[in-house]
Number of protein chains: 2
Amino acid sequence: MLKISKKADYALMALQHIAAVQFGDVTPGRVVNTKEIAEEYNIPLELLAKVLQTLAKNALIESHNGPKGGYLLARRAHQITIAQILESIEGPLGITDCSHEKDGEFCMQRENCHIRTPLLKVQDSIAQLLNSMTLHDMMGGTPLITIQSPAAQGVER
Amino acid sequence: MLKISKKADYALMALQHIAAVQFGDVTPGRVVNTKEIAEEYNIPLELLAKVLQTLAKNALIESHNGPKGGYLLARRAHQITIAQILESIEGPLGITDCSHEKDGEFCMQRENCHIRTPLLKVQDSIAQLLNSMTLHDMMGGTPLITIQSPAAQGVER
DNA sequence: TGATCGGAGACTATTATAGTCTCCGACCTT
DNA sequence: AAGGTCGGAGACTATAATAGTCTCCGATCA
């Protein structure tokens with residue numbers, strides 16, 4: 001349960017790879033193309049292409065066309081959060097259907113629903129978690145942040 | 001993203017309702033049947049029936065057959081965690097496909113995958129969160145627990 | 001003994017995910 | 001300026017997960 005999609009998985013792998021190349025010791029600043037990543041991690045090329053295009057549209061990476069083209073991180077790894085990456089691919093975090101209900105939309109359960117508020121607290125905690133962790137942390141860094149449980153914050157009914 | 005299923009949603013609503021009836025002031029100890037919950041929250045009766053049967057199999061509620069039958073909480077609300085409820089319905093928490101890989105199973109990316117370990121840390125944090133919160137907390141209680149971000153725990157590569 | 005309850009399994013429908021195919025335009029190299 | 005190499009974009013199919021339905025059974029209480 002609470003699984004992230006393959007596409008999101010691929011996005012994380014790709015960004016980790018790009019960051020490692022770009023800020024690594026071997027070939028710093030080198031652009032990385034889709035094919036290289038697809039082969040390295042056995043990801044279907046065309047699917048990965050779509051993922052990278054989406055990341056570019058969301059300004060997490062910069063694209064460069066033409067031969068010798070490819071992708072670069074648009075910012076430094078510690079400025080890219082896991083939440084941003086996942087949301088780029090999967091859309092806004094929402095553990096329930098009603099998390100992002102527009103005004104006037106209501107789920108069939110809404111009028112009597114007593115679990116919406118506590119679930120939104122859980123969602124907030126997960127959001128804090130994913131926002132507190134950056135691509136840099138996935139490379140081995142160790143910042144120091146503490147998350148509050150929604151239980152600890154108190155849940156009104 | 002990271003959505004929980006409707007069935008899990010229904011399970012939470014149902015348990016909240018059962019707990020409210022059972023430990024409330026109006027009719028304490030009363031058994032609650034499927035139809036009552038389905039009507040109260042506009043949940044398809046037969047689908048809810050399956051959900052409750054699953055919860056009973058997982059010993060979160062007790063079932064009573066026959067007329068005047070229905071369900072009771074098997075334990076007190078503060079002894080039932082959100083994690084237990086969700087896992088009863090959706091199976092073990094796993095944010096990636098490889099979270100519960102059996103020996104010998106490997107995803108296509110595994111040999112080169114650098115994100116598995118940090119993602120498992122994220123998963124652990126979410127698990128802590130869901131284990132720290134109980135059905136009782138969803139009723140308005142306010143225990144006091146703190147969760148550590150995986151970033152704060154350090155992520156080896 | 002029959003109406004009311006849960007238990008169980010097969011079944012269908014719907015939607016989300018995963019993956020494929022094709023064509024386009026940018027742009028470096030020669 | 002031409003051809004190969006790259007990303008951009010959209011339609012398309014396949015597969016799997018989810019949501020929901022239908023039917024029959026056995027327990028049990030009045």
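Does A:Lys68 count as buried or exposed, by its C-beta neighbours inside 10 Å? A:Lys68 counts as exposed, because 9 C-beta neighbours lie inside that distance.

This is a predicted model, in which local features need pLDDT of at least 70 and side-chain atom pairs count only at pLDDT 80 or more, while totals for chains, interfaces and linings use all residues. Residues are numbered from 1 along each chain as its sequence is written, chains are lettered from A and ligands numbered from 1 in the order in which they are written.

**View 1. The loop between E1 and E2, with A:Lys68 and B:Lys68.**
A:Lys68 is placed in the loop between strand E1 (61–64) and E2 of chain A. Its phi is near 65°, a positive value in a residue other than glycine. In chain B, B:Lys68 lies in the loop between strand E1 (61–64) and E2, and its phi is also positive, near 65°. B:Lys68 is exposed, with 9 other C-beta atoms within 10 Å. (A residue is buried if 20 or more other C-beta atoms lie within 10 Å of its own, exposed if 12 or fewer, and partly exposed in between, with C-beta atoms placed from the backbone.)

**View 2. Chain A as a whole.**
Chain A has seven helices and three strands. (Helices, H or I and at least four residues, and strands, E and at least two, are DSSP runs numbered from the N terminus.) From the N terminus the order of elements is α-α-α-β-β-α-α-α-β-α. Of the 157 residues in chain A, 40% are buried. Among contacts between residues at least 6 apart in sequence, 64% join residues at least 24 apart. (Two residues are in contact if their C-beta atoms, placed from the backbone, lie within 7 Å.)

**View 3. A:Tyr10 in helix H1 of chain A.**
A:Tyr10 belongs to helix H1 of chain A. It is buried, because 24 other C-beta atoms lie within 10 Å. Not counting residues up to four places away in sequence, A:Tyr10 touches A:Ile43, A:Leu48 and A:Val51. From A:Tyr10 to A:Asn112 there are 102 residues in sequence and 40 Å in space, C-alpha to C-alpha.

**View 4. Helix H4 of chain A and its surroundings.**
In helix H4 (residues 82–90) of chain A, the buried residues are A:Ile82, A:Ala83, A:Ile85, A:Leu86, A:Ser88 and A:Ile89. H1, H3 and H5 of chain A are among the elements that cover them. After H4(A) comes A:Gly91, with a positive phi near 80°.

**View 5. Helices H1 and H4 of chain B.**
The axes of helix H1 (residues 6–23) and helix H4 (residues 82–90) of chain B are 9 Å apart, and the helices pack at an angle of about 135°. (Axes are lines fitted to C-alpha atoms, for helices over the stretch in contact, and angles run from 0 to 180 degrees between N-to-C directions.) The angle makes H1(B) oblique to H4(B). (Angles under 35 degrees count as roughly parallel, over 145 as roughly antiparallel, 65 to 115 as roughly perpendicular and the rest as oblique.) H1(B) contributes B:Lys7, B:Ala8, B:Ala11, B:Leu12 and B:Leu15 to the contact, and H4(B) contributes B:Ile85, B:Leu86, B:Ser88, B:Ile89 and B:Glu90. By class, these are seven nonpolar, one polar and two charged residues. (Ala, Val, Leu, Ile, Met, Phe, Trp, Tyr, Cys and Pro count as nonpolar, Asp, Glu, Lys and Arg as charged, and the others, Gly among them, as polar.)

**View 6. Helix H5 of chain A against helix H5 of chain B.**
Helix H5 (residues 116–132) of chain A and helix H5 (residues 116–132) of chain B cross at roughly 155°, and their axes come within 11 Å. At this angle H5(A) is roughly antiparallel to H5(B). The contact involves A:Val122, A:Ser125, A:Ile126 and A:Leu129 on H5(A), and B:Val122, B:Ser125, B:Ile126 and B:Leu129 on H5(B). Six of the contact residues are nonpolar, two are polar and none is charged.

**View 7. The protein surface near DNA strand C.**
There are 25 residues around DNA strand C, and A:Ser5, A:Lys6, A:Pro44, A:Gly66 and B:Asn33 come nearest. (A residue is near a strand if its C-beta atom, placed from the backbone, lies within 6 Å of it.) Two or more residues each come from H1 (6–23) and H3 (45–57) of chain A, and from H2 (34–41), H3 (45–57) and strand E2 (70–73) of chain B. H3(B) gives the most, with four residues. The surface has seven nonpolar, 12 polar and six charged residues.

**View 8. The protein surface near DNA strand D.**
Of the 24 residues around DNA strand D, the nearest are A:Asn33, B:Ser5, B:Lys6, B:Pro44 and B:Gly66. H3(A) supplies the largest share of this surface, four residues. By class, the surface divides into seven nonpolar, 11 polar and six charged residues.
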